[in-house]
Amino acid sequence: MTASSLPETDPVAARRPQYLADIAAGLDRFYEPRRTDCPWCGSARLSTRLRTVDLLQHKPGRFELAECLDCRHIFQNPRLSLAGLEFYYRDCYDGLGEQQMAAMFEGNAAGLKDRASLLTQHHQPKRWLDVGTGHGHFCKAAAEILPDTEFHGLDMSAGVELAQEHGWITRGFRGSFPEMIAQLAGNYDVLSMFHYLEHTLDPKAELAAVLPPGGHLVIELPDPECKWGRILGRYWMPWLQPQHLNLMPIANLKKAAEDVGFTVVDEQRSEPHGGMDMVAAFALWANWIVGGNDVPWHPKPPSPLRKFVRKASMVISVPLMVLAFLGDKLFAPYGRKHGYSNAYRVLLTRN
């Protein structure tokens, strides 16, 4: 393989010139001006909850989460601009990151099926739109337990088109949910937003869901009140900077939903907990310390020695990963009941 052929055959090398040009143009354009008030309640009583870096992809930049001392809403401040969102999402769920993300979702089929449990206790869905569906893994899993339900998906990424090609959804829509409301209005008796609202610029606007009276909306979100968030600090996976822009305590979400015409039907605080906080934190820490991945936002590939050190370090860390995994599983039954659940679900119906 010649150096001149690398950009055509190596996806990392092919992307490197564009990434390096983006970085050379400066990172300031990736951020909006810093806010002095809470985007949820307008209070000016803010404190810094967390400062961190991109621990997932290791792209350059520093990020801060602010917390409102009045309503406890947590938000990225300064927030990413549209250019920043494009830069940091690029090659995360699609492109270079597609296989890794697909493997993660496919390995959690039981958890994906469980997301439907809160709804099916109250309603048998006919046509379901999954907003922020990604590659449609939830719809694929849920169809196994709801064979009479027609699943559609919506997402900004090309993953929704792949989901339709695979037959995991009957129909896919690519675009912004608020911008497509007129097209989607009244076509569904169920909408879901699983780990979607925390990625949006304005969660309250997203709650203006296109449901007929009696239609249901089921939401799952990271729980910012989870005790792991303070214990693990920046290595608590649900902080997920720079992608998570807003993290809402459950009381805030329910009140905002009621304000736009929903009734809260049910909620789950412990059942959505994914017992992975310690193992995910260890993985983030180890990957950050070791480094050495060949990624296009670094000026050149790692040396053979650096690659060897990375592989050796990963092998050495396996026993510790196993211990962290076992710790999560053993602690989960207690943690779910004592404020360590890392997610919550809310079921709403349109009035």
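The model is predicted, so local features are kept only at pLDDT of at least 70 and side-chain atom pairs only at pLDDT 80 or more, while totals for chains, interfaces and linings use all residues. Residues are numbered from 1 along each chain as its sequence is written, and side-chain values use heavy atoms, with hydrogens and water left out.

To start with the sheet, four strands form an open arrangement in the order 1-2-3-9, with antiparallel pairing. Helices and strands here are DSSP runs numbered from the N terminus (helices are H or I with at least four residues, strands are E with at least two), and two strands pair if DSSP finds at least two bridges between them. Strand 1 (46-53) and strand 9 (246-247) sit at the edges, and each has a single partner strand, so one side of each lacks a neighbour in the sheet. Strand 2 (residues 62-68) and strand 3 (residues 74-76) run antiparallel and are joined by three bridges. Across this pair, Glu67 faces Ile74 of strand 3.

A salt bridge is taken as a side-chain nitrogen of Lys or Arg within 4 Å of a carboxyl oxygen of Asp or Glu, and the whole structure has 23 of them. Glu64 pairs with Arg34, with 3.1 Å between the closest N and O atoms. As for exposure, buried means under 20% relative accessible area, exposed means over 50%, and partly exposed is in between (1.4 Å probe, protein chains only). Glu64 is buried, at 11% relative accessibility, whereas Arg34 is partly exposed at 47%.

Another salt bridge links Asp37 and Arg35, with the closest N and O atoms 3.0 Å apart. Asp37 has a relative accessible area of 27% and is partly exposed; Arg35 is partly exposed too, at 35%.

Arg269 and Glu225 meet at 3.4 Å, N to O, in a further salt bridge. Arg269 is in the loop between strand 10 (262-268) and helix 13 (277-290), and Glu225 is in the loop between strand 8 (216-222) and helix 11 (228-231), so this pair connects parts 44 residues apart in sequence. Arg269 is partly exposed at 33% relative accessibility, and Glu225 is partly exposed at 48%.

Next comes Arg115, in the loop between helix 5 (109-114) and helix 6 (117-120). Arg115 is buried, with a relative accessible area of 13%. Its side chain makes a polar contact of 3.5 Å with that of Glu220; such a contact is a pair of N or O atoms within 3.5 Å, and within protein one must be able to donate a hydrogen and the other to accept it, with residues adjacent in sequence counted only if both atoms are side-chain atoms. Apart from neighbours within four places in sequence, Arg115 is in contact (heavy atoms within 4.5 Å) with Phe138, Phe194, His195, Glu220 and Arg345.

Finally, Val318, Leu320, Val322, Leu323, Phe325, Leu326 and Leu330 make a nonpolar surface patch of about 680 Å². Patches are made of residues with over 30% relative accessible area and no salt bridge, joining like charges within 9 Å and nonpolar side chains (Val, Leu, Ile, Met, Phe, Trp, Tyr) within 5 Å. Accessible areas come from the Shrake-Rupley method with a 1.4 Å probe, and for residues only the protein chains shown count as cover. Val322 is found in helix 14 (residues 304-337) and is partly exposed, at 42% relative accessibility.
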